[in-house]
Structures are given as C-alpha cells and as structure tokens.
Amino acid sequence: MERAECAPAALPDPRDALLHHQCPVLPVPRFGPFAPLAQPGQRMLLASNGLFIEVRTTALYALQRAGQVAPGLALPYGRLQPQLELAYGRLPRTLIEAFMDAARLVAPHELAGALVYDPLAGLLELVLHTSVLAHAQRVEYRLPPLAPQQVVALDLHSHGHGPAFFSEGDNLDDRGMCLAMVVGDLQHARPSVAFRLCLNGLLLPQPHPWQHAPDTGGIDEWRDTGSSPTPAKE
Ligand SMILES: [Zn+2]
C-alpha cells in the first residue's frame with residue numbers, strides 16, 4: 001500500500017488544536033500492543049472492526065464501538081473488543097433497592113437520584129435529588145453539590161407505576177459519562193428496570209442487572225453531568 005499524501009495545515013487553528021488534544025483520533029496498532037488510556041479523558045480509536053470511543057473517568061473505563069466500518073473495507077489496523085470496567089467493582093444492589101424504596105414512597109410521582117462515587121474514599125453513596133417539579137410523567141430536580149473528587153457513577157430515576165424505559169427526554173438529559181438506570185412498575189414486588197451506559201451522548205443499552213447477579217448482593221457483570229439548565233427525566 002502506498003503512503004497517502006495529505007499535507008497538514010502549517011498552523012492549525014488553536015481552537016482545533018485544543019479540541020484535538022482533548023479528544024484525539026488514533027489508529028489502533030495492528031502488530032504492537034494497544035495501550036489503554038491511562039488518565040481521565042476521551043479518545044476515538046479507529047480499528048479494523050469499527051470506530052471505538054474510549055473513555056476513562058475516576059469511576060469507569062469504557063471502550064465501546066461508536067461506528068461501523070463499511071463491509072469489505074480493509075483497514076490496516078488492529079481489532080478491539082468492547083470493555084467496561086467499574087472502578088468501584090460492582091454496583092451494590094442494596095443501594096439500588098434503597099432508591100427503589102424511596103421511589104415507592106413518592107409513586108406515582110417520579111423521583112431522581114444517583115449513586116455518587118468518591119475515589120478518595122473508595123465509596124459509593126446513594127443521593128436523592130431534590131425534586132423541583134414531580135408528577136407521574138416528569139421530574140425536574142436539583143443536583144446536590146458534590147465534592148471536587150466525587151462523580152455520578154449511576155444516574156437513577158423512577159417512572160412510578162409506569163414501565164421502565166428511557167424516554168426522549170431521558171435521552172436529552174443523559175449527556176454524561178456514567179451508567180443510568182430507570183425503575184418502573186413500583187406497585188409490584190419486582191419492578192421493571194432499564195439500564196444503559198452513557199458516553200457523551202452515545203447511549204448503549206446494557207443487560208438487566210439482575211439477570212446476572214441474582215444472589216451475589218452486587219452487580220458486576222457489565223462490562224459529567226447533564227447539559228440542560230434544569231436536569232429533568234421523563
Ligand atoms: Zn424516564
């Protein structure tokens with residue numbers, strides 16, 4: 001294969017230089033080792049089997065496919081496999097059930113909350129957001145002040161007595177880098193649950209948490225904050 005000629009601009013616009021530094025695009029080595037992102041940040045990786053987004057925060061490391069390569073297109077790059085690692089090991093079922101208990105108390109109104117991770121203390125904590133407006137189809141809430149090192153590990157909200165699913169409003173609100181869960185059908189002993197990974201607008205459904213860890217007391221099988229002025233779930 002001949003080397004493609006593509007002369008770069010002599011002096012890139014400093015705004016582009018900053019953006020490319022914050023979110024570089026890299027080819028995945030075919031023969032040498034792949035070195036995962038070591039520090040918090042985001043990269044886009046072009047592999048022979050697709051375009052991948054790589055994200056590291058203090059709460060998670062995620063390597064997920066963000067785009068397909070056209071069938072038949074041969075690229076001289078290595079392959080990647082999706083990964084998801086949680087810095088805290090697993091999501092404690094007890095904390096999620098505590099959120100469900102709180103959500104049952106206000107049902108059929110919705111409730112929003114989060115599991116907040118403190119990497120310095122190595123602890124996850126359940127936080128219930130203050131509802132600014134809440135009814136059966138929507139909850140607007142105020143995020144609590146977090147310490148500088150704290151991050152939202154799991155975004156939580158309830159659908160009261162309705163089924164669990166991610167609505168268009170939820171899609172607009174889930175702009176961060178975290179896991180997200182909605183619980184519904186809270187009038188039943190076993191609520192419905194929808195669960196996904198949110199990576200800067202890439203929304204990836206994940207398996208139902210209790211499919212894999214019914215008796216372990218934790219959820220460990222799956223492998224930044226909202227941008228709207230008033231965070232809201234529907
Ligand atoms: Zn919702």
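**Overview**

The protein has 234 residues, and 29% of them count as buried. Its secondary structure comes to 4 helices and 16 strands.

How confident is the predictor? The mean pLDDT of the protein is 86. Of its residues, 87% reach 70 or more. One stretch needs care: over residues 212-228 the pLDDT is below 50. In the model, this stretch still has 36 contacts beyond near neighbours in sequence. Where pLDDT is low, the predicted coordinates should not be read in detail.

**The five-strand sheet**

Start with an open sheet of 5 strands. Their order is S1-S2-S3-S4-S5, and the pairing is mixed. Which strands stand at the edges? They are S1 and S5, the latter covering residues 83-86. Each has a single partner strand, so one side of each is left without a neighbour in the sheet. Neighbouring strands of this sheet are turned against each other by 25 degrees on average, direction ignored.

Now look at the pairs. S1 (residues 25-27) and S2 (residues 41-47) run parallel and are joined by 3 bridges. Leu26 has Leu45 in S2 as its bridge partner. S2 also pairs with S3 (residues 50-56), this time in the antiparallel sense, over 7 bridges. A hairpin links S2 to S3 through 2 residues. Along this pairing, Gly41 stands opposite Arg56 in S3.

**The three-strand sheet**

A second open sheet holds 3 strands in the order S9-S10-S16, with antiparallel pairing. Here S9 and S16 stand at the edges. Each has a single partner strand, so one side of each lacks a neighbour in the sheet.

S9 (residues 130-134) meets S10 (residues 139-142) over 4 bridges, and the two run antiparallel. They form a hairpin with 4 residues between them. Ala134 stands opposite Val139 in S10. On to the next pair: S10 and S16 (residues 232-233) are antiparallel too, with 2 bridges. Glu140 has Ala232 in S16 as its bridge partner.

| Strand pair | Direction | Bridges |
|---|---|---|
| S1 and S2 | parallel | 3 bridges |
| S2 and S3 | antiparallel | 7 bridges |
| S9 and S10 | antiparallel | 4 bridges |
| S10 and S16 | antiparallel | 2 bridges |

**The nonpolar core**

In soluble globular proteins, nonpolar side chains tend to be buried together. In this model, the largest nonpolar core has 45 residues. Which members touch the most others? They are Leu115, Ala153, Leu154, Cys178 and Met181. Strand S12 (residues 177-184) gives the most to this core, with 7 residues. The core also draws on both domains: at least three residues come from each of domain 1 (14-86) and domain 2 (91-233).

Take Leu154 as an example. Leaving aside its neighbours within four places in sequence, Leu154 is in contact with Leu91, Ala114, Leu115, Cys178, Leu179 and Met181. Among these partners, Leu115, Cys178 and Met181 are also on the list of residues that touch the most other core members.

**Two loop residues**

Finally, consider two alanines in loops. Ala121 lies between strand S7 (112-118) and strand S8 (123-128). Is Ala121 buried or exposed? It counts as exposed, because 11 C-beta neighbours lie inside 10 Å and the cut-off for exposed is 12 or fewer. Its C-alpha atom is separated by 9.7 Å from that of Gln149, 28 residues apart along the chain.

Ala164 sits in the loop between strand S11 (151-158) and helix H3 (168-173). Ala164 has 19 C-beta neighbours inside 10 Å, so it counts as partly exposed. A residue needs 20 or more to be buried.

What does Ala164 touch? Not counting residues up to four places away in sequence, its contacts are His159, Val182, Val183, Gly184, Asp185, Pro191, Ser192, Val193 and Ala194. One of these contacts, Ala194, is 30 residues apart from Ala164 along the chain. The C-alpha atoms of Ala164 and Ala194 are separated by 5.6 Å.

Terms used. Residues numbered from 1 in each chain as written. Predicted model: local features only at pLDDT ≥ 70, side-chain atom pairs only at ≥ 80, totals over all residues. Pairing = 2+ DSSP bridges. pLDDT = per-residue confidence, 0-100. Contact = placed C-beta atoms within 7 Å. Core = buried A, V, L, I, M, F, W, Y, C linked by C-beta atoms within 7 Å. Domains from an automatic or database assignment. Axes fitted to C-alpha atoms, helices over the stretch in contact; angles between N-to-C directions.
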